[in-house]
Amino acid sequence: MTDSPILLERHGAVGLVRLNRPQARNALNASLMRALEEALGELEADVDIGAIVLTGGPQIFSAGADIKEMTNKTFAQAYLEDFVTRDWEALLKCRKPVIAAVAGPAVGGGCEVAMMCDFIVADETARFGQPEVRVGTLPGGGGTQRLARLVGKSKAMELCLTGRIIDAHEAERIGIVARLVPAGQAVAAALSAGAEIAESSRPIVMMIKESVDRAFETPLSEGLRFERRMLHATFALEDQTEAMTAFAERRPPRFRHR
């Protein structure tokens, strides 16, 4: 096993990124987050990749931020180095869809990283939570914000204030998890979903992702206006013409991703 904190694989048109600090339960330290940013950048630049899957190990996604690296950090250090923002937001810059494949615990920063992905495929062993209150701090990678948008104020308050860890079934029921699969099948299911996405037109997939993201960043009226402009923009694409022609001719489309 390589000592790299990130392992990068390609499965056809899908990139697979694995967190690789098993001895530290995939705790998220600065080295891992920098390597994650590099791996995501490489896949973003690869024209043959249409979707990305992010996963951890078969028994744990991530135990969260590396507490050992944080214990003696001062306010000045955290503020001046732009802690979390600088190293943690590479996922948010990805224009290609990113799917989290979660087995075992995804807690604290691990839960936040999973929620930064476009959707989560989890197996029945998965666990989610924001237990930062138990170590004298609060979620700082989006845990109080994305979680509230996913599950609503009351449930987000309960999870963040108590630090309670929930199982995969509850996570699916309240909207954290998009798809729940049997134990051991999260990565395969996520790769399958990624391959399905990668079969579609790259620019159209990116437009859909951007439009859904806009729903959480603007009022409804502005979101609808943005959606309509994206719809209009598709008519400038060769792929739109090809897909509608193929539909009329009852054949699979041949996308050129332009």
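1. A residue counts as buried when its relative accessible area is under 20%, as exposed when it is over 50%, and as partly exposed in between, using a 1.4 Å probe and protein chains only. By that rule Glu9, with a relative accessible area of 26%, is partly exposed, and Arg18, at 24%, is partly exposed as well.

2. This is a predicted model, in which local features need pLDDT of at least 70 and side-chain atom pairs count only at pLDDT 80 or more, whereas totals for chains, interfaces and linings use all residues. Residues are numbered from 1 along each chain as its sequence is written, and side-chain values use heavy atoms, with hydrogens and water left out.

3. The structure holds 16 salt bridges, a salt bridge being a side-chain nitrogen of Lys or Arg within 4 Å of a carboxyl oxygen of Asp or Glu. One of them joins Glu9 to Arg18, with the closest N and O atoms 3.0 Å apart.

4. Another salt bridge pairs Asp66 with Arg21, again with closest N and O atoms 3.0 Å apart. Asp66 lies in the loop between β3 (51–55) and α2 (67–70), and Arg21 in the loop between β2 (14–19) and α1 (30–45), so the pair ties together parts that are 45 residues apart in sequence. Here helices (H or I, at least four residues) and strands (E, at least two) are DSSP runs, numbered from the N terminus. Both Asp66 and Arg21 are buried.

5. Lys155 forms a salt bridge with Glu158, the closest N and O atoms being 3.7 Å apart. The two residues stand 3 residues apart in helix α8 (residues 153–162), and therefore about one helical turn separates Lys155 from Glu158. Salt bridges with shared partners join Lys155, Glu158, Arg164 and Glu170 into one network.
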